[in-house]
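Subject: Structure handover

Hello,

Here is the structure for your set. My notes on it follow below.

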Amino acid sequence: MNPVTAPWVRTRLRAAPGAAVALAVLVAVTACLAAAFPRALDRYTDAGLRQAVEHAPVDESGILITAQPDLDGEVAHTEESVRPERLTGLYESTLGTVEPPLVIDEKRSSYGVRATETLPSPDTWLPRPDGLPAEMLLAAPHGLADHTRLRSGRLPEVPGEEATASTAEVQAAVTEETARTLHIKVGSVVHVSGQQDLTVRVTGIVTPEEPDSPYWSVDSLLRTPSLRRTPGPMGASNPSYWVGGLLLAPEAAPALLTVTPTVRYWHLTPDPDALHSRDLDGLSSAVASLESGPGLETLHATISPFTDVTTGLDSAFTTYGELRGDIGPLIVVAASGAGTVAAVVLLMAGGLACDRRRAELALLRARGASVRGMAGRLLAETAVVAVPAGALGFGVALLALPGGGRPLPALWAAVAVTAVACLALPLRAAAAHRAVRVHDGRRDAVSPRASRRRTVAELTVVVLALGAVELLRRRGASDGAGDLVALAPVLVGVIAALVLVRLYPLPLRGLARPARRLRGAVGPLALARAGRGSASAVLPLLALLTAFTVAAFGGSVLSGVADARDRAALLSVGADGRVEAEAALPAGLPGRLGKVPGVREVTEVGLDHQARTNDGRQSLPLATVDPGDYAALAGRTDLGAFPAGELRRPDGAEGGSEDAVLPALASPTVAERFGDDTFQVRLADGSAATLRIVLVRDRTPAVYGDEFLVVDRAGLPAGAVRPNVLLLTGDDLDAGAVRRAADGAGTVQLRSQERGTYVDSPLQSGAEHIYTAAVAAGAGYAVLALLLSLASAAPERAALLARLRTMGLTRAQGRRLLVLESLPQALPAALGGVLTGWAAVRLLSPGIDLTTIAVSAPTSPAGRAELSADPWSLAVPAVAVLVLAVGVAAFQAWWTGRRGAVAELRAGDAR
């Protein structure tokens, strides 16, 4: 056979331009989605890491290096150790000590000299709330001009010769807030008393460019003054005094040496743009090196043996790593499922092209073409279309997700898609035409016995799937569970597809014989054709059932996350809305809130957090309620539902009779403490009530916690615990309307707003978006797989209808025939998909914990968020498959009926 040449490829593309365009679109879309996944994952994970660092306290989001001045030499040597030139040199050497991948943002970092303690000022013109003198913190930071705006005056400097340890007067600047609070003006003179007295002349007032930046995190007093209290007994009215900060020129640092203990500092802030989740281990190692490793040894040798390093980055990295470790495997499960379905569709596209060209390829083999030469021609023909389409999809992914991280994983994903698309047709053709055949056998039936290779392959897949499921049940979906576990839902779908392909023709063949007794030929013919199972049905069923499993698994994950957040928000709020105050709420407030759009019910609760038991040493939250209204609320929210009659006060207990024993609802902790005995509770107003616990519930709407008591308000003295909590029931409550109705009478909490607080990391929202995209992509490819399956049988069906029309079959009967023929395949696929999805969720749920992805914390107010089957995720795909299969069959019958039999039947046609 001649080598592959361009005329062959060009001729084939011109002969079937529609097929080439369809393949190009399929490869471009699939390559785009495949390339977008790693970029989107990098974007979400990197954003989550940056947020974890940025949300850490400002004084913990950087690395603070401190060292005392050099005291092992003469005074001149000590002075030299705090001068700007020496500090700048040490700063540059410190930057070199930081190991990659940790990168320091020099613009947001700072260094300088500051006092370790505040110094009192004898100046009486400074504010003295309780007669105590104000105190000042002295600091000489570098880069003050770059981080402030000058409001008045000028920045401090050292006039004349350089400052020394004996300098008695220096210049300083103060922030605008410090000047306003402490009544400081330009030209003010502040005296501070330390080991030596120091005079500080204020030359300028500045405003921080970024008050919350790390530059000002070394000590917040340098930015904002603080009103402190002297130590004393708890609860006593201890006298207070003001503490402010004075910003000296860097050259004036030696003047602090004889006034107060000082420390040199270098505050290093990581560059947020250089923080990448893939470098988490390296980042943790770099921080550990500075804290207690080679980096710290270098700092001891360069700066001082007593150099100290403190940071909160290690804690932020650890917390983020735990969150990523919990969410990452779930993302891999979704991606592997969608990727499997996409790969099946690409293989089906190659198989469809091979079936359409069966006669052409058989003729090539009969005329002497080798398998290798034929496969090479087909590879070149496919690559001309697939490679540019794959490159286009990769480019679109890069443009759609700019700055999405590393391009290499996205490139490999696009290359993998392109390779599968290029190899599907050649490999399928090589397998189908290994031997030269003159006549093909029947294409709508399979041999009664499967080959040994197929049996071994299926058993291998079954063993792998069972092992993955068992491993996931035992170890959970964690990083240590391995890649096999990520494929467990896919393997469950694979098992179901293989079993269904083997089993579903059997009952159809059994029904074909009794169906012959029916009147008419449509029913028996449809059953007979449907019962002729074909090996080509494996891939469509594999795509459908895998998509079913992924949709059920992904939909159940999303549903479980939403339910967990709803439950956690409900436990925190107690209802759809909550208005609470420390004192009693206005009497007309329930009526105003009841008129707010969306509010259906308003339940009043009197909550006493200071109720004490008879020993007077322990307080318990006591909720006083109307049993009927509160029982209805507990039933609606499923928070400790109870029969209202058991909580009502007994007869004769009106108005708080101390002799009467009131029934109480308690938490298990309180019930275990008091048992069935009566006990007395002292209320905040001094009155007492005798209670007996008759109901025990884990939760209750009014109180969030493990300890609570609930009693009938009517059994307490009038006004003992007036309503200070209003629990609102309704739909789509408007926060603004509720707050306007409350008019500042109490704090307002809404369940919807509380629910939004549980999503505080881009990693959480990113995982949800990826899951949603995976389910949507899997569903789309499953529909495409079904269409490809129907398209592969379309020519043969069209020819069958044409023949039957020549025998008297009407158009209506033709439509019924195709619909009935499609139902025995679509219905088992739909039912099998429902059962497969349900089984996959049931089997894998013990190893899946959705708590972290739901509330971004190891624990949730609602407890462990478990994975459970979502009915909609099971039902909607099944109905869609049935509707699509029946619709396509009906459309094909209608379209074929419009064409004449002559157009479908040709002499010598083997269909």
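A salt bridge here is a side-chain nitrogen of Lys or Arg within 4 Å of a carboxyl oxygen of Asp or Glu. The model is predicted: local features need pLDDT of at least 70, side-chain atom pairs count only at pLDDT 80 or more, and totals for chains, interfaces and linings use all residues. Residues are numbered from 1 along each chain as its sequence is written, and side-chain values use heavy atoms, with hydrogens and water left out.

Overall content

The chain has 27 helices and 21 strands; these are DSSP runs numbered from the N terminus, helices being H or I with at least four residues and strands E with at least two. Of the 911 residues, 49% are buried. Buried means under 20% relative accessible area, exposed means over 50%, and partly exposed lies in between (1.4 Å probe, protein chains only). Accessible areas come from the Shrake-Rupley method with a 1.4 Å probe; for residues, only the protein chains shown count as cover. With a contact defined as heavy atoms within 4.5 Å, 81% of the contacts between residues at least 6 apart in sequence join residues at least 24 apart.

Salt bridges

Side chains of opposite charge can pair when their charged atoms come close. The whole structure holds 13 salt bridges.

One of them joins the side chains of Glu79 and Arg83, at 3.6 Å from N to O. Glu79 counts as buried because its relative accessibility is 10%, and Arg83 is buried as well, at 7%. Both residues belong to a network of salt bridges that links Glu79, Glu80, Arg83 and Glu162.

Another salt bridge is formed by Glu209 and Arg149, whose closest N and O atoms are 3.3 Å apart. Glu209 sits in the loop between strand S8 (198–208) and strand S9 (226–229), while Arg149 is in strand S5 (residues 148–153), so the pair ties together parts that are 60 residues apart in sequence. Glu209 is partly exposed, with 39% relative accessible area, and Arg149 is partly exposed at 34%.

Arg600 and Asp731 also meet through their side chains in a salt bridge, at 2.8 Å from N to O. This pair links distant parts of the chain, 131 residues apart: Arg600 is in strand S14 (residues 599–613), and Asp731 is in the loop between strand S20 (725–730) and helix H21 (735–742). Asp731 has a relative accessible area of 49% and therefore counts as partly exposed.

Helix packing

Helix H8 (residues 313–356) packs with helix H11 (residues 407–432) at an angle of about 35°, the axes being 8 Å apart. Axes are lines fitted to C-alpha atoms, for helices over the stretch in contact, and angles run from 0 to 180 degrees between N-to-C directions. The crossing of H8 and H11 is right-handed, where right-handed means that the near helix is turned clockwise from the far one by less than a right angle, and left-handed means anticlockwise. Residues of H8 in this packing include Ala343, Leu346, Leu347, Gly350 and Gly351, and those of H11 include Val417, Val420, Ala421 and Ala424.

Leu427 is also in helix H11, and it is exposed, with a relative accessible area of 55%. Its C-alpha atom is separated by 8.8 Å from that of Gly350, 77 residues apart along the chain.

Surface patch

Val21, Val25, Val29 and Leu33 make a nonpolar surface patch of about 330 Å². Patches are made of residues with over 30% relative accessible area and no salt bridge; like charges are joined within 9 Å, and nonpolar side chains (Val, Leu, Ile, Met, Phe, Trp, Tyr) within 5 Å. Leu33 lies in helix H2 (residues 17–54) and is partly exposed, at 42% relative accessibility.

Backbone geometry

Most residues other than glycine have a negative phi, and most peptide bonds are trans. The bond that joins Pro100 and Pro101 is cis, with omega about 15°. Pro101 is in the loop between helix H4 (84–97) and strand S2 (110–115).

Phi is positive, near 60°, at His183, in the loop between helix H5 (176–182) and strand S7 (189–192). Asp638 likewise has a positive phi near 60°. Asp638 is in the loop between helix H19 (627–637) and strand S16 (661–666) and is exposed, at 52% relative accessible area.

Regards
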